[in-house]
Amino acid sequence: MTRDDIHYFGGTTLLKTRMLTARDALASDSYLASLTGVAETHPTICPAWLGAYYRAFGNADRDPVLLVQREDGSTAGYLALTRRRGGMGNLSRDLWSTTNGHSQYTALWAQEGEEANVVTAIFETLGRRNDWDRIYLQGLPEFWLDVIRAQVPHYHPAVVHQFENRMVAAGPDAILPEHLPSKKTLRKLRGQMRQLSDQGILQLVKTTDPAELGPTLARYISAERNSWKRQESGELLADDPAVDAFYYDIVAQAGRAFRPTIWTYEYEGDVVAGLLMLENPAEWVMLKVFYHAEYARYSLGRNLLFAAVAAARNDATCIKLDTFSHLAKYDSFASHAECHGDLIGWNGGLRARSLRAAYGGLSRLRAYRLKPSQSLV
């Protein structure tokens with residue numbers, strides 16, 4: 001242990017911060033392997049999810065994970081990152097959160113009550129390094145935005161984008177009548193399903209068996225090619241080998257780290273709509289949904305979403321379902337929205353200060369050009 005690794009807070013709290021490669025941090029015998037609680041099960045921040053992310057989208061031998069430990073060696077918190085080039089001419093050496101369209105939230109975690117100390121330890125460790133200029137953390141809950149801005153203002157943290165993801169309160173004490181879909185909406189959805197059922201055999205199939213999830217995902221991906229996403233330039237899982245590999249990795253961990261489920265509507269034996277879910281303890285997540293473009297008038301995708309919401313509210317262990325979306329179309333069954341934001345911070349070195357000044361000047365110039373022209377009177 002070196003002096004640079006040690007941080008004292010309040011004269012009593014001793015924390016040691018390590019900057020490890022993702023491969024070392026996530027190894028089976030690593031510091032994160034024994035975590036329990038929310039860090040173990042929450043999608044996008046749990047070690048199993050991060051492992052799938054780095055295998056598909058990152059470089060585990062290069063990308064860093066900052067690990068904060070207590071004096072007894074137990075984990076107090078961590079932040080998982082990737083290295084990128086960004087900014088004008090890719091001059092900025094960036095540290096990005098492990099986020100994209102599939103990993104919605106920054107993998108920043110701390111034991112309850114230790115958030116401020118963990119943030120300080122992470123940023124002070126980063127500040128001692130000269131191999132990065134800018135840090136970009138996407139999808140931070142509002143709480144974390146406030147903690148970072150309060151604890152490390154000298155890194156010039158700034159929120160550059162905010163959004164509200166739709167959520168469904170599923171705990172028995174949280175379900176209010178005004179959060180439930182109207183009888184009119186439910187009648188309409190059931191009527192649409194009856195119209196299709198009158199024409200052929202329509203079945204709702206929920207796949208949970210780990211041995212069946214891989215083959216079912218293959219059918220899902222194949223059927224998705226005929227979905228609305230193809231017509232409207234949406235993202236198809238089959239279009240990107242990395243995306244395809246990521247979801248196969250997630251379902252391969254069924255029964256261990258995750259409880260993935262695949263819901264499908266099958267019409268005359270063909271998959272015509274699908275929903276990929278994680279039904280982890282306490283919190284469920286909707287990852288992907290599609291419906292066959294030819295059957296759009298029957299609202300198959302919407303019916304799947306409503307069925308999943310009803311299942312979450314009927315599950316004794318589920319407290320919340322995350323739609324992974326900020327789109328208003330989910331308001332028809334969401335109970336509330338939770339605020340998130342993207343945050344940028346800067347290193348204190350000369351190179352980083354110069355880049356920050358250049359980006360600040362460019363931002364002001366863009367803002368000036370976007371102003372409506374003023375008429376001379």
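This is a predicted model: local features need pLDDT of at least 70, side-chain atom pairs count only at pLDDT 80 or more; totals for chains, interfaces and linings use all residues.
Where is Glu268 found? Glu268 sits in the loop between strand S10 (260-267) and strand S11 (270-279).

Let me begin with the chain as a whole. Its secondary structure comprises 11 helices and 14 strands. The chain has 377 residues, of which 49% count as buried. If we take the contacts between residues at least 6 apart in sequence, 72% of them join residues at least 24 apart. The exposed surface comes to about 18,300 Å², and carbon and sulfur atoms supply 50% of that area.

I turn now to the backbone. Most residues other than glycine have a negative phi. Glu268 is not a glycine, yet its phi is positive, at about 55°. Its relative accessibility is 49%, and therefore Glu268 counts as partly exposed. A second case is Ala282, again not a glycine, with a positive phi of about 75°. Ala282 is placed in the loop between S11 and strand S12 (283-291). With a relative accessible area of 31%, Ala282 is partly exposed.

The next topic is the aromatic residues. A search of the whole structure finds 16 aromatic pairs. One of them joins Trp96 and Tyr136, which are stacked, with 4.3 Å from centre to centre and 5° between the planes. Trp96 belongs to strand S5 (residues 92-97) and Tyr136 to strand S7 (residues 134-141), so this pair ties together parts that are 40 residues apart in sequence. Both Trp96 and Tyr136 are buried.

How are the rings of Tyr220 and Phe290 arranged? Their planes stand at 85° and their centres are 4.8 Å apart, so the pair is edge-to-face. This pair links distant parts of the chain, as Tyr220 lies in helix H7 (residues 210-224) and Phe290 in strand S12, 70 residues apart. Tyr220 is buried, as is Phe290.

Arg84 lies over the face of Trp96, at 4.2 Å from the ring centre. The ring of Trp96 is thus described here both by its stacked pair with Tyr136 and by Arg84 over its face.

Finally, which residues form one aromatic cluster? The members are Trp49, Tyr53, Tyr54, Phe57, Phe246, Tyr247 and Phe258.

Definitions and conventions: Residues are numbered from 1 along each chain as its sequence is written. Side-chain values use heavy atoms; hydrogens and water are left out. Helices (H or I, at least four residues) and strands (E, at least two) are DSSP runs, numbered from the N terminus. Buried means under 20% relative accessible area, exposed over 50%, partly exposed in between (1.4 Å probe, protein chains only). Contact means heavy atoms within 4.5 Å. Accessible areas come from the Shrake-Rupley method with a 1.4 Å probe; for residues, only the protein chains shown count as cover. Rings of Phe, Tyr and Trp (its six-membered ring) pair if their centres lie within 6.5 Å; planes under 30 degrees apart count as stacked, over 60 as edge-to-face and the rest as tilted. A charge sits over a ring if NZ of Lys or CZ of Arg is within 6 Å of the ring centre and within 35 degrees of the ring normal.
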